Amino acid sequence: MSRYIYAKLQPESTRKLLLLTPDILEAIKSGQKIEFKALQETQQVVLCSEEKTWSLRQKNHSNTVFLTREFLPDADEEGPELNDAVSHHLGFSRQSFELEPKISAGEINVNHLPIYDGENRDLVKSSTVEKLMESSPCSMKEFQTKWYAAGGCTINGAACLLTHGFLSRALHLTIMSCMAESIDLDDLNVRETFEAVSKDISEAGEFNPYTQEVIETVIGKFCQQAPDGKRSLDRKSVSKWYGITALKKFAAKQPLSHEEFMIKWKSQFPPYFNCNLDISLLQGHFFRPLASSIHYLSRSTLPDDVKDRFKYLFKIQSVWDLEDIQPLIEDLNTSGLKIDSFVMKFARRKRQGKRTIVTSR
Amino acid sequence: MPSVELSTSQIRRVLKNDLERPVSITTPFGNMLLEIQGDLDFPAESPRYDPQRIFSKYQDDQIVRFGRLIIEADYKKATLYIGEKQRLLGSIMKLETPLGLLKFNQDSTTVELEDIIQFKIIFKDRPLPIM
């Protein structure tokens, strides 16, 4: 028995084939919202579920790939032989490529957002958080994390970024208020924390910049969420934040000895707040002009060109530990090489016991 | 853009059972994927002279009946007869990663996942003559 195959002389061009990886299929099955997104019409399109983001690559081929659909030909076409056919299939579309998804990190574009320092009350409203989420090539879950990580907040309905200084003050106040009210730092909720902060700050009629939205940003940025929804203060991230603040404050103009810096770092925390100080948390934010001293390094001052970046880093410090240099170069490793292989393309790598040393060529 | 929702409502109705079903050349929506290594040339319009009456119309579209497909009972091998002189030997392959069939509607700026294709009939070899 035969199946007769037909083809449209003018095939449709509105169909495309997308490789459905197990995680995409799972997202479809579970009824998640799936979207195609791009920052702008001319930029690369990504596929987003509620939890993940995939970049799409057009995988071309030179084969003839026909999409056919079962159909019934018009009556006058049928002859005795054709009536014997099991079915008739009409090739309605020819495909010359498949879209191949690859899991990638979602992005949000916060460059155009106003900055809020707790004082400028008349913000220029350029976007709302909802609009920003819709236009970001990023899944909803990733957006939440990245939004708070960037210090994103809503002030008077406008999406904006909180300044480092204001966020530091808000974090400091939040920790102090929670400790004063004996709120469990391992089970924080926005409402209760906001009320505790308001108690400390509000005088009748006085402007309080620490709104519920600001506290939400603090909790979103510095708390970890357990699967049951419980949010606990992430002491590592708090420690890192205070460490970077201390670096900027005390080690930006001149290097500071390691011991002296640790004392300065410790002094930044609210009284009676305990957390571990581990210098490795600050990797990517400092360099060591001498083995025993550290100096703040602003990432925004680093050259964008990979060769220039290595040249600059070796100029300020001739010998690096791989762990220290890695956060300062990994954004340039766009082809996803192993960090060792990437470093060897531009520098010399040596093993010294358990340490891996990176020097210039 | 910047964002277009992919409509999956139609496909979700059949997705649960469909992925576990046995070999089936066509999907529940009647779609089938054929792959031929090489090119198939069709005229852009139906010719006037068509003694074999292979050109016709279907819903205002000009179509051509170009082949006859025979699938063996075990759903492993297939033969495609093209015209009267060529035949292709092929096989039925389960796709390692299923393919989603997306339909882009420019007018309503919507994208729909119309179907999920799990099998394809692939013809890798050169055509053989029919004696």
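**Figure 1. Helices H6(A) and H7(A) cross in a right-handed sense.** This model is predicted: local features need pLDDT of at least 70, side-chain atom pairs count only at pLDDT 80 or more, and totals for chains, interfaces and linings use all residues. Residues are numbered from 1 along each chain as its sequence is written, while chains are lettered from A and ligands numbered from 1 in the order in which they are written. Helices (H or I, at least four residues) and strands (E, at least two) are DSSP runs, numbered from the N terminus. A crossing is called right-handed if the near helix is turned clockwise from the far one by less than a right angle, and left-handed if anticlockwise. Helix H6 (residues 190–201) of chain A packs against H7(A) at an angle of about 120°, and their axes are 9 Å apart. Axes are lines fitted to C-alpha atoms, for helices over the stretch in contact, and angles run from 0 to 180 degrees between N-to-C directions. From H6(A), A:Val190, A:Thr193, A:Phe194 and A:Val197 meet A:Gln212, A:Ile215, A:Glu216 and A:Ile219 of H7(A); two residues are in contact if their C-beta atoms, placed from the backbone, lie within 7 Å. By class, the residues of this contact are 5 nonpolar, 2 polar and 1 charged. Ala, Val, Leu, Ile, Met, Phe, Trp, Tyr, Cys and Pro count as nonpolar, Asp, Glu, Lys and Arg as charged, and the others, Gly among them, as polar.

**Figure 2. An open sheet of 3 strands in chain A has the order S7-S9-S8.** The pairing in this sheet is mixed; two strands pair if DSSP finds at least two bridges between them. Strand S7 (115–116) and strand S8 (152–155) of chain A are at the edges, each with a single partner strand, so one side of each has no neighbour in the sheet. S7(A) runs parallel to strand S9 (residues 158–162) of chain A, and 2 bridges join them. A:Tyr116 has A:Leu162 in S9(A) as its bridge partner. Helix H7 (residues 212–222) of chain A packs on the sheet and touches S8 and S9 of chain A; its direction makes about 170° with that of S8(A).

**Figure 3. Helices H8(A) and H9(A) form a right-handed crossing.** Helix H8 (residues 235–250) of chain A and helix H9 (residues 258–268) of chain A have axes 9 Å apart and pack at an angle of about 120°. H8(A) and H9(A) are therefore oblique to each other. Angles under 35 degrees count as roughly parallel, over 145 as roughly antiparallel, 65 to 115 as roughly perpendicular and the rest as oblique. H8(A) contributes A:Tyr242, A:Gly243, A:Thr245, A:Ala246 and A:Phe250 to the contact, and H9(A) contributes A:Phe261, A:Lys264, A:Trp265 and A:Gln268. The contact of H8(A) with H9(A) has 5 nonpolar, 3 polar and 1 charged residues.

**Figure 4. An open antiparallel sheet of 3 strands in chain A has the order S15-S17-S16.** Strand S15 (319–321) and strand S16 (348–352) of chain A lie at the edges with a single partner strand each, so one side of each is left without a neighbour in the sheet. From one strand to the next the twist averages 30°. Between S16(A) and strand S17 (residues 355–359) of chain A there are 5 bridges in the antiparallel sense, with A:Gln352 opposite A:Arg355 in S17(A).

**Figure 5. Chain A and chain B meet in a contact of 46 residues from chain A and 51 residues from chain B.** On the side of chain B that touches chain A, S4(B) supplies the largest share, 10 residues. This side of chain B has 27 nonpolar, 14 polar and 10 charged residues. Strand pairing also links the two chains: strand S5 (residues 53–71) of chain A runs antiparallel to S2(B) and is joined to S2(B) by 6 bridges, with A:Val65 opposite B:Glu35. Strand S2 (residues 15–19) of chain A pairs with S6(B) over 5 bridges in the antiparallel sense, and A:Leu19 stands opposite B:Leu99 there. Within chain A, S2(A) also pairs with strand S6 (residues 87–104) in the parallel sense over 2 bridges, where A:Leu18 is opposite A:Leu99.

**Figure 6. S4(B), S5(B) and S6(B) are connected by hairpins.** S4(B) and strand S5 (residues 77–82) of chain B run antiparallel and are joined by 5 bridges; B:Leu69 has B:Leu80 as its bridge partner. Their hairpin has 5 residues between the strands, and B:Tyr75 takes a positive phi near 55°. S5(B) pairs with S6(B) over 6 bridges, again antiparallel. In the hairpin of S5(B) and S6(B), with 3 residues between the strands, B:Gly83 has a positive phi near 60°.
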